[in-house]
Every structure is written in structure tokens, then in C-alpha cells.
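Reader: I would like to go through this structure term by term. Please set each value against its cut-off.

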Amino acid sequence: MPARSVRVSGVVQGVGFRPFVYRLARLHGLSGWVLNQEAGVEIHIEGDVRAIQLFLAELANTPPPAARIAAVEVTEAQPAGLSGFSIRESRRGGAPTARISPDLPVCDSCLAEMRDPGDPRHGYPYINCTNCGPRYTVIERLPYDRPFTTMRAWPMDELCSRQYHDPADRRFHAQPIACPACGPRYALSIAEAAALLNAGQILAMKGVGGYHLACDATNAAAVNALRERKFRKEKPFAVMARDLAAARTLIDISAEVEALLTSPARPIVLAPKRVELADVAPDNRELGVMLPYAPLHHLLFDSGAPSVLVMTSANRSSEPIAYQDDDAQLRLSGIADAFLIGERPIARRVDDSVARDGPFGPVILRRSRGYAPAAVCRLPHEGPILAVGPDLKNSITLAAGGLAFVSQHIGDLEHYESLQAFDETVADLLTMYEIDRDSLLVVHDLHPQYASTLKALRIPAARRRGVQHHRAHIASVMAEREAWDERVVGVSFDGTGYGDDGAIWGGEFFVGSTREGFARAMHLREALLPGGDAAARHPAQCAAGFLMQVDGAALDHPRFHQALRLAQSGVRTFRTTSMGRLFDTVAAMAGFTREVTFEGQAAIWLEHAAGASPTRTPYPFPIDGAELDFRPLLAAIATDRGDPARIARSFHQAVAEAVVRAACQLCEAHSIPTVVLSGGVFQNTLLLELIQRAMPPSLRVWTNSAAPPNDGGVSLGQAALACF
Ligand code: ZN
Ligand code: FE
């Protein structure tokens, strides 16, 4: 009798894979067993050859919805003369590489039960099954078994226990299984919460990976109160729409946007606005919308909550999201009018993810809930690598067993809370994957004063290595494609990053490959940055450093003149080639001279302004040797005195045209057919569109998709460069 041994790797644990195999084997009359092991799922089957073939085909083609198969390895096996098929005890050998499933949105079967008055789980906000529910946010350690989850405090009752142990049930080994009789509950009634929202109140609500603050998005007074209490002046709020139909009234929904909105990660999707909700996303052409993903959200809408809710991470300003009950109550008192607190603890904070469909395809802008901690790519390295990222939009990448796991979004490492989250995430990743410190390579940014660098120097490890920020951006794109030897022209534009020469880089062109390294081939002409980081908050201050090189160009603003004196004296003044700061300068010249209240605000304002203008003649932005010379560009703007829309448009066209011209020149000089774009500036959709339009068809363009083009993707690039 023929027998086969089958090993399946990928996200195959905690997603109902073993019961699926069990049912499939029985369907085809095969005997044998299935078990979880450290690298995934192992199967032994024996029986009719034809039945084995059908079994293997269905295994690969119709896996459970939440499973992500990386590889299926089939080998001949000795028949053991087994009768029947069984699910065996998990087996542990070496260090675990089985991938932890990201959190999953409630499935249709569970939703139907939740809405059925006759079902034991009717109206229950913690309903879940092997196809849906929390994973990463309830796992305290591996293996993924109930005693190691935040559900360990709730013993199963007879109903849950029966389903949990029945291989034919949808809840077979569903670790977070619960029902109203035995499981956790919510403190405030959901109907009451819906009524409060309708009355214009602000609700703090415990979700899957942290607390949200919610209010009626169409109630301007409520939205305003939320902004004031949260100290969040202008940064856009995301909204949750009750369903796709409600979402359609808010944003343009293409097929790609719909696919993102309804994908298992249920990210916040940025898309062009159709309506202006007062104060929700001011001076922005886009609005961030997500669909309900937790059973609680559906219950809230079913109970009559407003069909569009502002749903923002519960925190003050840019602190990390609150996720522990006592901490949330402490931090959110004075912000929230009421609390909707569920009893199930959250193992780790995981924010909502953010994605968008751009000119070069869908891209994840914040990789968190629903994506973390899935592997992004393979890495050609034997030993473990921990890449700690930069200080802004921090994320951490762990390479283990040849796979790159990118952590959830941690945030800006300037708050005590974020630094704590950083430490927790490092400890979490190293413990979860049982990393051997004696072979660990720790990778950090070159900036000697970065908190992440200082932290990296204190992590016990065998070796350490610094990687330059902008090269890491380019390498993040290469890593996604696992293209280690491909030579490319890399364009790395962002706000700030420590350069080889100690200057603040951010308008960089590189030539090379991940394996050989990236050589700086061209850059924005150097300007002065008076006051350093403060210049990033004050576009007029930033403008002084650039405009001092342009005759007769000045802004009538007190900060401008102060900064000019600072720059002329050389005090607290740095050299920079930052493209982000050039965007700030132009925004200031076009009228945006107030203090920015969130990163990238002036550039977003400028993109928004440009969208209101038809195509223009680009300003001159010549290449002089290895430099893009901004002087003719800024001189032209200074004499243009046009309206903001015209300045913004001609500027965007000038940058796009210069990128294409520089890329063509470098590609030709080095016989390279591929251009890579990465860095925070390339979150600008208009700029990408203009580049796409101007790029000759002989050159292909690679951009980020699974890793963010902003600093959230830097840790992946650091890990990739450290492989060589
Ligand atoms: Zn379900
Ligand atoms: Fe960056």
C-alpha cells in the first residue's frame, strides 16, 4: 500500500489546518495522522494512489481561508498499516519557525451565529472559530495552545469543550473559543454604547489590538471635542464605515481599493474623498476608511450606532495605543465620556494597519494588525538577525530560519511608552522564536544618537552592524522581491536620515545591488538646516536654509529671519540634502508657514494644493554633476508669485521630471534597466503618478508593497543589507 509523508510550511497553525486535513483524509478514505511541529504541519497518509493524488491536490488548492501555505513537501514513506485517520499530539524538535497567524476578522459563519437569536453565542462579542478571531494579540508564547494565550483564565464549559475537541467542528482547537456562559464579557452594554455615540459622546472602546476612541464622524462638535481632548490638532482621523455601501459614500472605491478594504487584514485604506466630513481629514485629498473586523464592531452597528464612526487609536498625541485596562482608564480619562471595556486581555499592542492603492499597485503604509507578525520574505542568511529600525515610525525585523518577520508598528521612539514598546517587542521576538544570543547579529542605524542605536548597543549579541538609513530604504524594496544580485538605480527620498558624512541626507540616488552594496551616485544639492530637528516642524525656518542660496528670495515671516541669522552664524546648523525639507520649503513659499502638527503635513498640504491645478510647465531643476540643483527651481518660484495650486503643481512636475532625468542618466551610464523608489516622499501619490507618466518604457520601476516606503520599512532593509 502506498504511503506519503507531507510537510506543509507557512501560516498553517491556528488557522484550522489540522481539522481540514482530517476531514480531507477521511473524505478520500485515507488513513494516517496529522500533527503540528516546529516548522508547520506534518502529515502521514496511506491508501489508494489515486486518492492520495486527489488529497494532495485539494490540500494545496483549497486550504482554510486564513492559511498561507509557503511550501508543500511530499516524500515516499513506509506504510504503517494504520486504520483510520487521527490528529496527534504536537511535536517539538528544534527552535520554532512555524509562522504565527496575524489576527483575523470575524468570519461569515460566526457573524451569522452571532446574529441568530437561537444560537448560544447570539450577540456575543468574543465569538470566533478556527477561521477567524484574534491570534497574535492573544498569544503570550508558543506553541499556540490555550494555556499560553490570554484566554487561559476562562475554563471552557461543556458546549465550548465539546466543540473544541470535535475534529468535525469549526471550532476544533480554536484556542480563543468562548461563549457567553463561560467566556469573557464587556462591561458596558453595546446598545448603551451605540446610544452614547448617537448622542455625540466620545467612547473609548477595547478592540483587538488596543483601545479606540470613537465618535460619530458626521457630528462636527463631537469630532472637534475629540481633537481638543486628544491634543490632535489637524492629523487626519480614520473612520470605520458600517459596510461597503457606507464606505462608497465616503471614498472612491476601485476594485483594488475594495480588495484591500475586504482583505483579511482589514486595514485602514486611504482613497480619494467623495465627501468632506468636517474636521475629520482637513487639507487632505484622501480619507482613511476601514470596515468592521471585530464581532464587537458589527454588534455596535447592528445596535444602531452611526454608520460612519471616527475610530482612532486611543492615546494622547503620538504616544503608542493604549491596550491595558488600567492604563487606558488612566490615560483616557478626560478624553472619553464612556468606556466599553472587554475582559479578554490583549497580549501585545497592535495598531490598525494602513494601506493604499497607488500608481504602482497596492502598498502597506503602516504594517500592523492583520499583517504582523507574518513573514514578508525569505532572507539568504543562516543565523538570526535582529534589525531595530530607525527612531521614527519604528518597526523591528527579526530574521530567523531564513525568514524575515516584520513586527507591528511601534511608533516614534521619543516617548517613554514607545521605548517600552520597543523593549517589549525585542524581548517578544527573541523569546517567541527562541533566538540563540550567541549567534545573533544586531543591526542598527548609523545615527550615533538614535534611541534605537543606543538600545541596539545594549542588546546582548554576538555581532553588531550599522546600516545607512537611505540604503536600507532601497534594500527594503529589494528584499520584498528577494532580488539580492539585481543591480538597480535606487532613489531614496525622505525627510531625514544620518548620512555617511554625518550630514542629514534625504535626496539620494544610489547605484548597486543588495549584495555588493549601494554607492551614492547623486544627491540633492546641500542646504543648511538651521535649528536641526526644529526646522522639520517649521517650514519657514526650513526655507531660510535653502533660500539663503537664492538671490532676492525671502519669506516675510519672523521664523524665516530668525533662522537666517542662525544659519549665517552657523549655530545649531546642520548640512542637509533632504528632499522632504525641500518640499517644506516650497510649501512655505506657497503659503504654508505655520507650525506642522504631524510629520509630512506640509508635503501633504502641497500635494493637496497641486491636485487643484491642471498640468503646468515644470520649474527648472537641473542636474549639475552629481547634484540636483534646487537654486533655479526656488528662484523661479520666488519670481512666480503664483497661487499655491500653480506653485505646488509646477513643483511636483519639476521633481518628477528631475527624478526621471537623473534615473535615466544613471541607468544609461551603468547599463541598468531598473529604478527603485523608496522613502517617505514616495507616499506622495501625485509624485508617483507624474514619475510613472514620464518614465521611458525601457526602464522598469520597483516600489514597496508589503513593507512601507516610509521609515516603517527601514528595519527590513537593514536586515537585508546585513545578510551580506
Ligand atoms: Zn469564525
Ligand atoms: Fe526614511
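**Values and cut-offs**

Author: Along the chain, the donors of the zinc ion (ligand 1) are spaced as C-x2-C-x18-C-x2-C. Before going on: this is a predicted model, in which local features need pLDDT of at least 70, side-chain atom pairs count only at pLDDT 80 or more, and totals for chains, interfaces and linings use all residues. Residues are numbered from 1 along each chain as its sequence is written, chains are lettered from A and ligands numbered from 1 in the order in which they are written, and side-chain values use heavy atoms, with hydrogens and water left out.

Reader: What makes the cysteines donors of the zinc ion (ligand 1)?

Author: Donors are N, O and S atoms within 2.8 Å of the metal (3.2 Å for Na, K and Ca); water is not among the atoms, so sites may look incomplete. The SG atoms of Cys 107, Cys 110, Cys 129 and Cys 132 coordinate the zinc ion (ligand 1) at 2.3 to 2.4 Å, so they count as donors.

Reader: Why is the site of the zinc ion (ligand 1) called tetrahedral?

Author: Four donors count as tetrahedral if all angles lie between 85 and 135 degrees; four count as square planar and six as octahedral if opposite donors are over 155 degrees apart and all others between 65 and 115; anything else is irregular. The 4 donor atoms of the zinc ion (ligand 1) make angles of 103 to 115 degrees, so the site is tetrahedral. The ideal angle for four tetrahedral donors is 109.5 degrees.

Reader: Which parts of the chain do Cys 110 and Cys 132 tie together?

Author: Cys 110 lies in helix α3 (residues 108-114) and Cys 132 in the loop between α3 and α4 (158-165), so the pair ties together parts 22 residues apart in sequence. Helices (H or I, at least four residues) and strands (E, at least two) are DSSP runs, numbered from the N terminus.

Reader: How do you know whether His 473 is buried or exposed?

Author: Buried means under 20% relative accessible area, exposed over 50%, and partly exposed in between (1.4 Å probe, protein chains only). His 473 has 0% and Asp 494 has 3%, so both are buried.

Reader: Why do Arg 471 and Asp 500 count as a salt bridge?

Author: A salt bridge is a side-chain nitrogen of Lys or Arg within 4 Å of a carboxyl oxygen of Asp or Glu. The closest N and O atoms of Arg 471 and Asp 500 are 2.8 Å apart, so the pair qualifies. Arg 471 is in helix α13 and Asp 500 in the loop between β21 and β22 (504-513), 29 residues apart. Arg 471 is buried at 14%, whereas Asp 500, at 47%, is partly exposed.

Reader: What N to O distance is found between Asp 501 and Arg 575?

Author: The distance is 3.8 Å, which is within 4 Å, so this pair is a salt bridge. Asp 501 is partly exposed at 36%, and Arg 575 is partly exposed at 36%. The structure holds 37 salt bridges.

Reader: What makes a group of residues a nonpolar core?

Author: A nonpolar core is a set of buried Ala, Val, Leu, Ile, Met, Phe, Trp, Tyr and Cys residues joined through side-chain atoms within 4.5 Å. The largest here has 72 residues, and Leu 582, Phe 621 and Leu 634 have the most contacts inside it. Helix α20 (residues 644-670) gives the most to this core, with 13 residues. Apart from it lies another core of 42 residues, among them Leu 244 and Ile 335.

Reader: Why is Phe 231 called exposed?

Author: Phe 231 has 58% relative accessibility, which is over 50%, so it counts as exposed. Its phi is near 55 degrees, a positive value in a residue other than glycine. Most residues other than glycine have a negative phi.
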